[in-house]
Amino acid sequence: MSDCILETEGLTKEFRGFVAVSDVALRVRRGSIHGLIGPNGAGKTTCFNLLTKFLQPTRGTIRYDGRDITSMKPAEVARLGLVRSFQISAVFPHLTVLENVRVALQRERGGSYDFWRSETLLRRYDARARELLEDVGLSAYAGALAGSLPYGRKRALEIATTLALEPVMMLLDEPTAGMTHEDVDRIVTLVRRVAQGRTVLMVEHNLKVVEGLCDRITVLTRGKVLAEGDYATVSRNPEVVAAYLGSDAPAHA
Ligand SMILES: Nc1ncnc2c1ncn2[C@@H]1O[C@H](COP(=O)(O)OP(=O)(O)OP(=O)(O)O)[C@@H](O)[C@H]1O
C-alpha cells in the first residue's frame with residue numbers, strides 16, 4: 001500500500017484559455033490532514049472540484065488509492081471512499097436531525113427514497129444514526145428540525161451525513177467559512193476527531209485553523225503550487241508571505 005492516497009500529475013484546468021489550475025502535482029499522505037491554501041483566486045476551489053470530479057481536467061491525471069480516477073464520476077469515486085463533504089447539500093430542512101442522518105445511511109446502503117413508506121426499515125438505521133450524531137456532538141439536537149439549527153451545527157450535521165457514507169478520505173471545502181469563533185473551535189475539534197483513521201484534504205481560508213489541524217499544506221497561487229510542507233515551513237517561506245501580502249486577503253492571514 002502506497003504512502004500516498006491521492007496524487008495528481010500535471011493537473012490542469014483551463015476555462016476558455018484562462019489557466020485556473022496549472023500543472024499541479026499534489027501528494028496527499030495516507031492518514032494525514034492536508035490543507036490547500038492560497039490567496040483569493042489561487043485556484044483552490046477549482047482544484048477541489050477537479051479532485052472531487054465535479055470538474056473534468058483539461059490535462060493531467062488523478063490517482064486515488066492506486067487507481068486512476070481521472071475520468072470517473074463523483075458518485076463512482078464516492079463509492080471508492082473518496083467523499084466530498086457538503087456534496088449532500090441534502091440537509092433536508094424539514095426533516096429532523098436524526099432523520100437526515102438516517103436518509104444518508106439509507107442512501108449509502110443503496111435504499112430508495114421512499115423512506116416515508118418504510119418507517120420500520122428506517123428504524124434499523126436509528127442506532128447507527130445516533131452514533132454518528134454522538135460523534136459530531138449533535139445528540140441533543142436529534143429531534144430538532146435541521147432547518148432550525150444554528151449555522152455551525154448545520155455544518156456538523158453535514159459532516160455526520162458525510163460520515164454515513166463511510167469515507168476513507170474526506171474532502172472538506174472551507175469547513176469553518178462564515179462561522180463564529182466558538183463554532184470554529186467546535187468544528188476544529190470535530191475535524192480532528194473524524195480524521196482519525198482517515199485522510200482529510202481541506203480547503204481553508206482561516207490560517208489559524210490550518211495551523212492547528214493540518215500536518216501538511218500545499219500553497220497555491222495563480223493556479224500553481226508555490227510551496228508545500230508543514231505550517232511552520234510554509235508560513236516562513238518569503239514567497240508565500242509575499243503572495244498573501246500581495247493579495248487583498250489580510251483577513252485570511
Ligand atoms: N467556471 C469558470 N469559468 C471561468 N473562470 C473561472 C471559473 N471558475 C474559476 N475561474 C477562475 O479561476 C481562478 C481560480 O478560481 P478559484 O475559485 O478556483 O480560486 P480560489 O483559490 O478558490 O479563490 P477564493 O479563495 O476566492 O475562493 C479565478 O481567476 C476564477 O475567476
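**From domains to details**

The domain assignment of the protein gives two parts: domain 1, covering 1-81 + 168-253, and domain 2, covering 88-166. Where the two meet, the contact takes 13 residues from domain 1 and twelve residues from domain 2. On the side of domain 1 that touches domain 2, the largest share, six residues, is supplied by helix H6 (residues 181-194). By class, the residues on this side of domain 1 are seven nonpolar, three polar and three charged. The model described here is a predicted one.

The strands may be considered next. Strands of a sheet pair through backbone hydrogen bonds, either parallel or antiparallel. Thr-221 stands opposite Lys-224 in S11.

Another pairing involves strand S1 (residues 4-15) and S2, which are antiparallel over four bridges. S1 and S2 form a hairpin with two residues between them, and Arg-16 in the turn has a positive phi of about 45°. Within this pairing, Glu-14 stands opposite Val-19 in S2.

Which elements give two or more residues to the shell around the ligand? The residues of this shell are Phe-15, Phe-18, Ala-20, Gly-38, Asn-40, Gly-41, Ala-42, Gly-43, Lys-44, Thr-45 and Thr-46. The elements in question are strand S2 (18-24) and helix H1 (44-51). H1 gives the largest share, three residues. By class, the shell has four nonpolar, six polar and one charged residues.

Is helix H1 largely enclosed or largely open? Seven of its eight residues are buried, so H1 is largely enclosed by the rest of the structure. The buried residues of H1 are Lys-44, Thr-46, Cys-47, Phe-48, Asn-49, Leu-50 and Leu-51. Just after H1, Lys-53 takes a positive phi of about 70°.

Other backbone angles deserve attention. Most residues other than glycine have a negative phi, and most peptide bonds are trans. Asp-23, found in strand S2, has a positive phi near 55°. Asp-23 counts as partly exposed because it has 15 C-beta neighbours inside 10 Å. Asp-65, which is not a glycine, has a positive phi of about 50°. Asp-65 lies in the loop between strand S5 (59-64) and strand S6 (67-68). With 18 C-beta neighbours inside 10 Å, Asp-65 likewise counts as partly exposed.

Why does Leu-138 count as buried? Leu-138 does so because it has 25 C-beta neighbours inside 10 Å, and a residue needs 20 or more to be called buried. Leaving aside residues up to four places away in sequence, Leu-138 touches Val-97, Leu-133, Arg-153, Ala-156, Leu-157 and Ala-160. Leu-138 and Ala-160 are 22 residues apart along the chain, and their C-alpha atoms are separated by 9.0 Å.

Notes. Residues numbered from 1 in each chain as written. Predicted model: local features only at pLDDT ≥ 70, side-chain atom pairs only at ≥ 80, totals over all residues. Near = placed C-beta within 6 Å. Nonpolar A, V, L, I, M, F, W, Y, C, P; charged D, E, K, R; others polar. Buried ≥ 20, exposed ≤ 12 C-beta atoms within 10 Å, placed from the backbone. Contact = placed C-beta atoms within 7 Å. Pairing = 2+ DSSP bridges. Domains from an automatic or database assignment.
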